[in-house]
Amino acid sequence: MRIAIVGAGYVGLTTSACLVKLGHKVTCCDALEDRIEKLRHGRVPIYEPGLEDLLKEGIASGDLTFTSCGRECVADADAIFLAVGTPSLPNGDIDLGQLENASRGIAPHLKGGAVVIVKSTVTAGTSSRIREVIAETRRSLDFSVASNPEFLREGSAVDDFMCPDRIVFGTDDARAAAIMREIYASLSEQGVPILATTTTNAELIKHAANAFLALKIGFINEVSDLCERSGGDVTAVARGIGLDKRIGQNFLTPGPGFGGSCFPKDTRAFAAAGRRHGTRQALVELLIERNELRKRRLAERIVAEAGLRRGSRVAVLGLAFKAGTDDARESPALPIIEHLQRAGVHVTAHDPQAGENALRQNPAIELAPTPYEAVRGADALVVLTEWEDYAVLDMARIAGMMRGRYLFDFRNVLPIDQKNRHNFHCIRLGRRSFR
Ligand code: UGA
């Protein structure tokens with residue numbers, strides 16, 4: 001099938017490369033000409049394991065092309081995926097501006113019978129709105145819309161696309177449903193469950209799934225606080241509850257709060273949709289509030305327990321919102337660092353991938369090339385991303401380079417325990433601290 005993808009961001013590129021792998025011919029377009037130029041030469045603007053190789057394979061086979069021209073992208077396409085940004089508005093709702101502009105941009109070039117598929121994460125009713133926008137430009141065009149939410153995690157997007165737990169698509173007519181089935185035929189033959197439903201249901205599934213996963217994280221974070229106070233160990237507790245199949249082991253790791261470009265934005269949008277429809281999503285509203293509070297409390301704890309004052313030095317290990325990505329969007333590290341800086345603390349940070357992206361949001365962070373350089377002369381060390389590199393650090397060397405003895409492991413990754421503590425005051429999440 002000939003497929004067009006509008007938007008060469010993380011979702012658009014993963015979808016493009018993987019659909020070629022599923023046997024389709026794909027053209028991906030984006031208004032950013034220099035991005036398209038780089039992509040034509042196989043240079044990928046984001047860090048996503050496996051993506052660059054897959055894109056290069058697609059380009060070499062001739063089945064994947066890039067263009068900055070909307071007409072060239074969509075004119076021959078049977079299916080057009082819209083994978084553009086849907087940022088938050090101040091009230092938490094999503095801004096449909098990019099999606100509406102992209103729809104207006106492609107409308108004049110669509111061929112009869114084409115299916116326009118909303119891949120971007122949107123609230124219920126958006127696909128119908130996109131249908132209206134296109135119909136305003138092309139009154140007599142026979143076309144369909146569909147909703148096909150993605151469930152890709154950054155850092156494992158290619159695997160998540162090729163081996164998904166399920167594929168969800170929503171359509172409101174038989175032609176669109178048939179096209180959607182054809183797109184994913186090879187995955188369905190491999191036994192991947194397909195849920196075919198309405199566009200509104202598909203949109204709701206995406207937001208409800210992310211809200212539910214975020215609730216799991218919010219829950220274990222609070223259980224973790226209780227473990228700490230009552231002498232328990234959250235790892236054992238999470239395992240014990242997770243062995244119940246109804247609960248499951250995944251997404252029960254405590255941390256400094258969920259971040260990234262999805263959970264914070266999607267929970268806000270879900271809560272906003274509840275308010276708009278007069279049926280408050282009170283659990284999710286509270287979750288958002290507690291997630292914000294968590295970051296503030298952890299920052300206050302660092303200052304108080306380590307006795308930091310103006311001129312103190314803190315080393316932060318980890319700026320990405322999670323390991324395996326260069327993305328620092330809504331990373332819990334950023335508000336925690338800002339809090340420390342407001343208290344007059346100098347922050348030196350290390351991250352294997354996300355340093356530059358974090359620096360763009362907070363130029364006052366001093367970046368260090370290695371974890372050891374970051375801790376030189378520090379009064380306290382704070383771990384905020386669970387990179388594997390930090391699990392193999394030489395703690396004796398770290399102890400020798402620091403000025404102070406405070407260690408806040410908010411991802412429970414450092415290779416340190418009570419018997420081998422190198423004289424550190426060690427504060428860990430959901431476990432007994434030792435000093
Ligand atoms: C998330 C979902 O997992 C994907 O299924 C979804 O497709 C994607 O959003 C999206 O909507 O596009 P992602 O944002 O890449 O994927 O990251 P996650 O791996 O879900 O982690 C989100 C945040 O939760 C991170 O800050 C992570 O550190 C935190 N987290 C996750 C925890 O604190 N504990 C956990 O047990 C799991």
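**Group meeting: strands, a ligand shell and a C-terminal span**

Let's start with a strand pair: strand S4 (residues 79-82) and S5 run parallel and are joined by four bridges. Two strands count as paired here if DSSP finds at least two bridges between them. Helices (H or I, at least four residues) and strands (E, at least two) are DSSP runs, numbered from the N terminus.

Before I go on, a word on the model. It is predicted, so to speak of a local feature we need pLDDT of at least 70, and side-chain atom pairs count only at pLDDT 80 or more, while totals for chains, interfaces and linings use all residues. Residues are numbered from 1 along each chain as its sequence is written.

Back to S5. Opposite Val 116 in S5 stands Ile 80. The chain gets from S5 to S6 through helix H6 (residues 126-137), in a right-handed β-α-β crossover. Right-handed means that, with the strands pointing away from the viewer, the path from the first strand over the helix to the second runs clockwise. S4, helix H5 (residues 97-106) and S5 likewise make a right-handed β-α-β unit.

Which way do the side chains of S5 point? Val 115 and Ile 117 go one way, Val 116 and Val 118 the other, and all are buried. Buried means 20 or more other C-beta atoms within 10 Å of a residue's own, exposed means 12 or fewer, and partly exposed is in between, with C-beta atoms placed from the backbone.

S3 pairs in the parallel sense with strand S2 (residues 25-29) over four bridges, and Cys 28 stands opposite Phe 66.

Now, the ligand. Which residues come nearest to it? Of the 21 around it, they are Glu 154, Thr 253, Gly 255, Phe 258 and Cys 262. The elements giving two or more residues to this shell are helix H10 (199-230) and helix H12 (263-276), and H10 has the largest share, three residues. Domain 1 (2-197) and domain 2 (210-435) both contribute to the shell, so the ligand lies between them; the bounds come from an automatic or database domain assignment.

While we are on H10, Ser 230 belongs to that helix. Why does Ser 230 count as exposed? Because it has 7 C-beta neighbours inside 10 Å.

Finally, the other sheet I wanted to show. Six strands form an open sheet, paired in parallel, in the order S11-S10-S9-S12-S13-S14. Its edge strands, each pairing on one side only, are strand S11 (366-367) and strand S14 (425-428). Four bridges link strand S13 (residues 406-409) with S14, and Tyr 406 has His 425 as its bridge partner in S14.

In the unreviewed UniProt entry, residues 315-416 are annotated as "domain: UDP-glucose/GDP-mannose dehydrogenase C-terminal"; such annotations may be inferred rather than shown by experiment, and positions follow the numbering used here, with feature names shortened. That span is 28% helix and 18% strand, and its end C-alpha atoms lie 17 Å apart. Thanks, everyone!

Note on methods:
A residue is near a molecule or strand if its C-beta atom, placed from the backbone, lies within 6 Å of it.
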